[in-house]
Amino acid sequence: TACVGEELSSVLSGVVEFSRSAAFYHGEAPFTARLERRIAATTRLRTSHGGKWQLTQYPPGVGYSAHTDCMQGNGHRFVSERDRHGTILMYLSDASSGLESGATVFPSLGVSITPKRGRALVFNSMARGACLDASIHEAVKVAAGAKVILQPWYYQAACDGPGPPPPG
């Protein structure tokens with residue numbers, strides 16, 4: 001995913017492909033309150049610990065390399081109480097909408113999840129304050145169509161209202 005200006009994006013278009021994302025926070029979109037209540041009821045994740053929501057579209061030829069959603073292990077050696085410990089990845093497209101490939105793979109677990117519109121993948125990235133190696137996952141490159149996902153992240157500590165959590 002890239003966060004670049006329109007001018008640079010036009011120069012890179014066709015040379016470098018990346019996903020397109022829009023981020024928003026608790027209270028910025030009316031539907032999030034309803035989803036947050038459903039998430040809390042089914043997962044017991046606390047709404048107060050929820051942070052950024054991200055809507056992402058992966059076009060053909062684009063995936064996301066192996067990573068964790070917590071900081072430790074992604075070039076950082078620390079764990080902060082503001083680190084992401086849980087992810088809910090909601091699939092908004094699948095083969096019925098023309099998507100080919102784009103699975104979410106957890107290499108160390110030998111698990112591959114094929115996107116199915118209307119389904120959600122819920123997983124922890126941390127346990128007892130440490131990043132879990134088993135949470136390493138990747139998005140396989142899309143072969144055709146578009147993979148569209150919506151995901152909120154949940155933090156170890158409560159967020160202080162709308163907007164990104166303050167620096168740890």
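What pLDDT does the protein chain average, and what share of the residues score at least 70? The chain averages 83, and 78% of the residues reach at least 70; pLDDT is the predictor's confidence in each residue, from 0 to 100. This is a predicted model, in which local features need pLDDT of at least 70, side-chain atom pairs count only at pLDDT 80 or more, and totals for chains, interfaces and linings use all residues. Residues are numbered from 1 along each chain as its sequence is written, and side-chain values use heavy atoms, with hydrogens and water left out.

**Whole chain**

Switch to a cartoon view. The protein chain has two helices and 13 strands; helices (H or I, at least four residues) and strands (E, at least two) are DSSP runs, numbered from the N terminus. Of its 168 residues, 38% count as buried, where buried means under 20% relative accessible area, exposed over 50% and partly exposed in between (1.4 Å probe, protein chains only). Among contacts between residues at least 6 apart in sequence, 78% join residues at least 24 apart.

**Five-stranded sheet**

Select β1, β2, β13, β4 and β8, which form an open sheet in that order with antiparallel pairing. Two strands pair if DSSP finds at least two bridges between them. At the edges are β1 (20–24) and β8 (120–124), each pairing on one side only. Neighbouring strands here are turned by 20 degrees against each other on average, direction ignored; axes are lines fitted to C-alpha atoms, for helices over the stretch in contact, and angles run from 0 to 180 degrees between N-to-C directions.

Within this sheet, zoom to β2 (residues 50–58) and β13 (residues 147–155), antiparallel strands joined by seven bridges. Gly 50 has Tyr 154 of β13 opposite.

Next select Tyr 91, in strand β4. Tyr 91 counts as buried, at 2% relative accessibility. Leaving aside residues up to four places away in sequence, Tyr 91 touches residues including Ile 113, Lys 116, Leu 121 and Val 148. Draw the C-alpha to C-alpha distance from Tyr 91 to Lys 116: it is 6.0 Å, for two residues 25 apart in sequence.

**Helix α2**

Move to helix α2 (residues 30–43) and pick Thr 32. Thr 32 is buried, with a relative accessible area of 1%. Residues up to four places away in sequence not counted, Thr 32 touches Phe 24, Gly 27 and Trp 53.

**Four-stranded sheet**

Select β3, β11, β6 and β7, an open sheet in that order, again with antiparallel pairing. Its edges are β3 and β7 (111–113); each has a single partner strand, so one side of each lacks a neighbour in the sheet. Two bridges link β6 (residues 104–106) to β11 in the antiparallel sense, and Val 105 stands opposite Glu 138 of β11.

**Largest pocket**

Finally, show the surface. The largest pocket holds about 330 Å³ of space. On a 1 Å grid over the protein atoms alone, a pocket is an open set of points where a 1.4 Å probe fits, with protein on both sides within 12 Å along at least five of seven lines; lining residues have an atom within 4 Å of a point. Grid points are joined across faces, edges and corners, and the volume is the space filled by probe spheres set on the points.

Of the 24 lining residues, select Tyr 64, His 67, Asp 69, Gln 151 and Trp 153, the closest to the pocket's centre. The elements giving two or more residues to the lining are β2, β3 (64–67), β4 (84–91), β11 (137–139) and β13.

Terms used. Contact = heavy atoms within 4.5 Å.
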